[in-house]
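Subject: Structure for you to look at

Hello,

Here is the structure I promised to pass on. Please open it alongside this note. My findings follow below.

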Amino acid sequence: LRPLIRAQSRAVARYEAISCARFDQCLAVTAVDAAQLHQLAPQASVKVLPDGVDLEFFQPDPDCLPDEQRVVTTGDYSWGPTRDGLLFLCREVWPEMRRVQPEARLTIVGKEIPAEAREDAANKGIDIAGYVNDVRPEILRGAVFLAPTRVGSGIRIKILEAMALGRPVVSTTVGAEGIEAVDGRDLQIADTPDELVRAIAALLQDRNAREKMGAAGLD
């Protein structure tokens with residue numbers, strides 16, 4: 001499988017290099033993506049056009065109090081990188097999280113949640129919300145929003161949605177790429193299972209820290 005993935009990666013890089021060179025202007029949503037395109041096609045003109053969210057739609061709701069032991073994650077799990085992050089969370093992170101903090105619960109929101117994540121979910125402190133028309137109530141129910149992305153590019157809009165709703169975010173380094181946020185102030189970066197468990201547990205156990213980080217993310 002790995003040799004196949006490497007071969008596909010090289011083929012995609014060649015295709016992107018050729019494609020970028022054909023256009024007068026290329027757009028990237030993050031500086032990281034723009035730098036990578038410049039490496040692939042030095043002659044191409046690449047500008048950064050950042051993504052964002054509708055701040056009139058995604059607003060904090062002071063009347064919606066979170067479940068103080070609930071962690072929420074969202075995504076389209078038909079997309080390989082998002083699916084990988086969820087399985088990483090369910091297999092390597094959440095079992096240890098439950099050992100450290102047995103009362104903690106995880107809500108998974110999104111379409112095409114893999115069967116591996118659904119198996120014995122209730123026994124693992126996992127609630128499956130599935131696809132919803134409006135993610136705001138689900139995110140607001142959580143005390144912490146989690147983005148366990150390990151691979152991918154671009155901006156994770158779901159992080160911006162959670163920050164706009166005033167919820168503290170724990171994210172991997174890859175998940176937070178392209179977002180101008182300060183680690184430890186606007187959100188918390190953690191990559192390994194142990195780091196993620198410590199970051200999540202610290203926020204679940206400290207309401208003041210959650211409120212402070214949620215407020216910082218809004219700024």
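**What is in the model**

The buried residues of α7 are L196, V197, A199, I200, A201, L203 and L204. Keep in mind that this is a predicted model.

Several elements cover the buried residues of α7. Among them are β3 (67-74), α3, β6 and β7 (169-171). The cover also includes β8 (188-189) and α8 (207-218).

The length of α7 checks out. Its twelve residues should span 16 Å at 1.5 Å a residue, and the end C-alpha atoms are 16 Å apart, so the two agree.

**The nonpolar cores**

In soluble globular proteins, nonpolar side chains tend to be buried together. Here the largest nonpolar core has 29 residues. Those that touch the most other members are V71, L86, W94, M97, I108, V170 and L204. Two or more residues of this core come from each of α3 (80-100), β4 (105-109), β6 (142-147) and α7 (193-204).

What does V71 touch, leaving aside residues up to four places away in sequence? Its contacts are W94, R105, L106, T107, V144, L146, I200 and L204.

There is also a second, separate core. It has 19 residues, including V109, I155, A164 and L165.

**Salt bridges**

Side chains of opposite charge can pair when their charged atoms come close. The count of salt bridges in this model is twelve.

- R70 and D67: their side chains meet in a salt bridge, 3.3 Å from N to O. R70 counts as buried because its relative accessibility is 6%, under the 20% cut-off. D67, at 33% relative accessibility, counts as partly exposed.
- R150 and D84: the closest N and O atoms of this salt bridge are 2.8 Å apart. R150 is partly exposed, with a relative accessible area of 35%. D84 is partly exposed too, with a value of 24%.
- E138 and R141: the side chains meet in a salt bridge, 3.4 Å from N to O. These residues are separated by about one helical turn, because they are three residues apart in helix α5 (residues 136-141). An α-helix has 3.6 residues a turn, so residues three or four places apart point the same way. E138 counts as buried at 15% relative accessibility. R141 is partly exposed, with a relative accessible area of 37%.

Which residues are linked in a network of salt bridges? They are D67, R70, R105 and D127. R105 is also one of the residues that V71 touches.

**The largest pocket**

Rolling a probe the size of a water molecule over the atoms shows where empty space is left. The largest pocket has a volume of about 1300 Å³. Its lining is made up of 37 residues. Nearest its centre lie W79, P81, V151, G152 and S153.

Which element gives the largest share of the lining? That is α1, with eight residues. At least two lining residues come from each of α1 (2-22), α2 (31-40), α3 and α6.

Best wishes

Terms used
Residues are numbered from 1 along each chain as its sequence is written. This is a predicted model: local features need pLDDT of at least 70, side-chain atom pairs count only at pLDDT 80 or more; totals for chains, interfaces and linings use all residues. Side-chain values use heavy atoms; hydrogens and water are left out. A nonpolar core is a set of buried Ala, Val, Leu, Ile, Met, Phe, Trp, Tyr and Cys residues joined through side-chain atoms within 4.5 Å. Buried means under 20% relative accessible area, exposed over 50%, partly exposed in between (1.4 Å probe, protein chains only). Helices (H or I, at least four residues) and strands (E, at least two) are DSSP runs, numbered from the N terminus. Contact means heavy atoms within 4.5 Å. The expected span of a helix is 1.5 Å times one less than its number of residues. A salt bridge is a side-chain nitrogen of Lys or Arg within 4 Å of a carboxyl oxygen of Asp or Glu. On a 1 Å grid over the protein atoms alone, a cavity is a set of points where a 1.4 Å probe fits but cannot get out, and a pocket is an open set with protein on both sides within 12 Å along at least five of seven lines; lining residues have an atom within 4 Å of a point. Grid points are joined across faces, edges and corners, and a volume is the space filled by probe spheres set on the points.
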